[in-house]
Amino acid sequence: MTTPDKLKTPKVIGIYGIPGSGKTTLLHELKAVLDVGRFSFYEGSEMIARTIDGGLTAFHNLDEQSKEKSRRLAIQTIYDDCAKNRKTAIVTGHFMFWEEEDTSGEIACTDSDLAIYTHIIYLNVSPETIDDHCSKDAKKRRDPCSVTHLLQWQQAERTTLSTLCRENAILFSVVDSYQIAQGKIYTLIRDFDLHDESVNSGLAERTLDQIVSSYLIQVDTVMVIDGDRTIAPQDTGTLFYEMAIAQQQSESYECPLKTLLSSPLGYTYTAFRQATLLCEATSSDEVYEKVCEQVASATTLHPEFVALLRLAAQLTHVGTIIVSCGLLRVWEIVIERLGLRDTVAIVAGGRIADGMVVTAAVKAELVTRLQTYHNKNLWAFGDSLLDLEMLKAADQAVVVVIEEEMRSKSMEDALLQAIEHETLHARQVLIPETCSPRLDTTRLPLLDITKIDFVNTLLHRNDKATKLSVTIAADSASKLLATPMRDAAIQGPVLRKAHQRAGEYLALHHVSDILGLEQRPISHVLGHSATGFQLERECHTTIVSLMRGGDPMASGVSKAFPCAMYVHVRVPQDLKVDHLKGQQQIVLVDSVVNTGKSVIECVQAIRGLRPDIQIVIVTGVVQAQCLYKNSVMYKVLAAAGRVHLVALRVSDTKFTGSGTTDTGNRLFNTTHLP
């Protein structure tokens, strides 16, 4: 079994269906409309035939072990071909063969298929249509099957494939004849080709930026509120499938969303993408709209939150965003019916057309972007594990606690861990006020959002300069970059190179987001002038390298921002007024922040020379204790104003290196020194 959200490059899209579903015809149609520069097309049986002398005739005479070997070789050949040419593969294949007289089918799908496929589209063509196709197909001879057997075969394939795809992080989509005729498969393939977790984050950021420009330009404080089980007691996703299944008049009901989220995929990006495909397969556009209206009618917001939303609508400096992992259309209808469409923004997904899915990571990223990029003060309201990272990132965190039988059971231990060992400082609101609190009211103090004290707090315009902004790299690249820096076997020039790469990465991916970019003229390779970009006020930026450990990483930052001044500092007194004269921002670089002592002293020295200059601290690793809001470093840097810390990773291990464990010694091969 593979891990959720596994990295599969290239993308390999399988088109499955029982014989006669139209796979070959569809493949020819896709060849005619899709860009051959981006896609490669393969008939699975043809690729298998190429693996042995004598083609398919010889293949059918092989024993089962040899057949499986040929199938593995075929899919590996497809993968290697597309990896080499950097294309997305579209492959027709057979999942199962089943003679009518046999009690069960023979599965042709191998472990290699499950390891390589990233997406599978299943053609759910009616057995009657398949029977008609087979009887009229003069090119392919197929053994006759009854419609009853075709239906049984099809149901077995769909059920087994659905489970295997969940277990192997493969996105699985079922399309019927009507959707095929409407071009649904083309839409899916285009989406599968372009969409990944990075694209999803970018779409979420652009959606947020549009919301800010439309709703929140004059706003100082933003309330980011989760949807299901937070602002409303209902789970709108479960309601949607209950009502959608009822539309189909099915006698049996098992919520596919519950099955999905309890699978090995958990609450990952892949899981929420699969939820989108479930939604696409469940209903047509017309039925989807109708069911969303029914779900919205059955969704009642807590009165306390309705009053809060109406209050915020009257306050010019307070804005509201509902950020939900659920269905965008449902929340649009709910908010519109409350008459709050002009003052409450919504970030959610649900269908391919919505562009994105909302995950726990996306929620946290949006909160952080509102703080750092848009300079807003953030209140976050949530109830579950999906909200925890968002709550930790917010300026003010509120855990919404509902009746015990309805609340998230997995939240309790995670809350305790976040409060006692991480950076979470939160309060809890009880809805209704008679329900039992989470943990205790000492570690999670009570808050009443209906009282004047809370309203006064909300009305208070918090000064962003009193908060330390923190960015921790958390993508795949940061994990790869951090690995050689942590490897005890690596030191000297190789380790210095690793630190330099990490510094350049943090500068390009995070410091540039914080400080912004500006245009600059460049000469195009074709001879005309063009527009490029550089760090905003790059020529008025000072990079301060804390010697000696910070120098390799600082050189990477300098490589990203070549016009910035570069200054070496062994002790804070090395910083002179000339280093900062005329400058507008400082990037302070150290390889490791253990206690924060060196960083604190340098920031204080900078503030003595330039009280208002913006400071971005860049480090490879910061000890978690330094980020606690009651720590000395956090308090000093927060009080210093306009300070942002960017780290490649956070470490829970508290130690001071010496000899072979000291980063500076490892960087410069002086590990023999004490």
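This is a predicted model: local features need pLDDT of at least 70, side-chain atom pairs count only at pLDDT 80 or more; totals for chains, interfaces and linings use all residues.
The domain assignment divides the protein into domain 1 (12–194), domain 2 (197–235 + 301–459) and domain 3 (469–668). The C-alpha centres of domain 1 and domain 3 are 51 Å apart.

Strand S10 covers residues 344–349, and six of its six residues are buried, so the strand is largely enclosed by the rest of the structure. Burial applies to both of its faces. On one side stand Val344, Ile346 and Ala348, and on the other Ala345, Val347 and Gly349, all of them buried. The partner described here is strand S9 (residues 318–327), which runs parallel to S10 and is joined to it by five bridges. Within this pair, isoleucine 322 is placed opposite isoleucine 346 of S10. Helix H16 (residues 328–337) belongs with these two strands: S9, H16 and S10 form a β-α-β unit that is right-handed.

Strand S11 (residues 377–382) is also mostly covered, with six of its six residues buried. One face carries Asn377, Trp379 and Phe381, while the other carries Leu378, Ala380 and Gly382, and all of these residues are buried. S11 pairs with strand S8 in the parallel sense through five bridges. Valine 222 is found opposite leucine 378 of S11. A further parallel pairing, over four bridges, links S11 to strand S12 (residues 396–401). In that pairing phenylalanine 381 faces valine 398 of S12. The chain passes from S11 to S12 by way of helix H18 (residues 385–393), and this β-α-β crossover is right-handed.

The peptide bond between isoleucine 431 and proline 432 is cis, with omega about 0°. Proline 432 is located in the loop that connects strand S13 (426–430) and helix H20 (452–459). A cis peptide bond also leads from methionine 547 to arginine 548, where omega is near 0°. Arginine 548 belongs to the loop between strand S17 (541–546) and helix H23 (551–560).

Positive phi values were examined next. Arginine 229 is not a glycine, yet its phi is positive, at about 65°. This residue sits in the loop between strand S8 (221–226) and helix H11 (236–247). The relative accessible area of arginine 229 is 27%. Since buried means under 20% and exposed over 50%, arginine 229 is classed as partly exposed. Arginine 642, likewise a residue other than glycine, has a positive phi near 55°. The loop that holds arginine 642 runs between helix H26 (632–640) and strand S21 (643–651). With a relative accessibility of 43%, arginine 642 also counts as partly exposed.

A search of the whole structure gives two cavities of 30 Å³ or more.

The largest cavity has a volume of about 40 Å³. Its lining consists of Asp191, His195, Arg273, Thr276, Arg351, Ile352, Gly355, Met356 and Val357. By class, the lining of the largest cavity contains three nonpolar, three polar and three charged residues.

For the second largest cavity the volume is likewise about 40 Å³. The residues that line this cavity are Leu208, Val224, Ile321, Val323, Val347, Lys363, Leu366, Val367 and Leu370. S9 and helix H17 (360–372) are the elements that supply two or more residues to this lining. H17 contributes the most, with four residues. The lining of the second largest cavity is made up of eight nonpolar residues, no polar residues and one charged residue. Val347, one of the lining residues of the second largest cavity, is also one of the buried residues of S10.

Notes
Residues are numbered from 1 along each chain as its sequence is written. Side-chain values use heavy atoms; hydrogens and water are left out. Buried means under 20% relative accessible area, exposed over 50%, partly exposed in between (1.4 Å probe, protein chains only). Two strands pair if DSSP finds at least two bridges between them. A crossover is right-handed if, with the strands pointing away from the viewer, the path from the first strand over the helix to the second runs clockwise. On a 1 Å grid over the protein atoms alone, a cavity is a set of points where a 1.4 Å probe fits but cannot get out, and a pocket is an open set with protein on both sides within 12 Å along at least five of seven lines; lining residues have an atom within 4 Å of a point. Grid points are joined across faces, edges and corners, and a volume is the space filled by probe spheres set on the points. Ala, Val, Leu, Ile, Met, Phe, Trp, Tyr, Cys and Pro count as nonpolar, Asp, Glu, Lys and Arg as charged, and the others, Gly among them, as polar. Domain bounds come from an automatic or database domain assignment.
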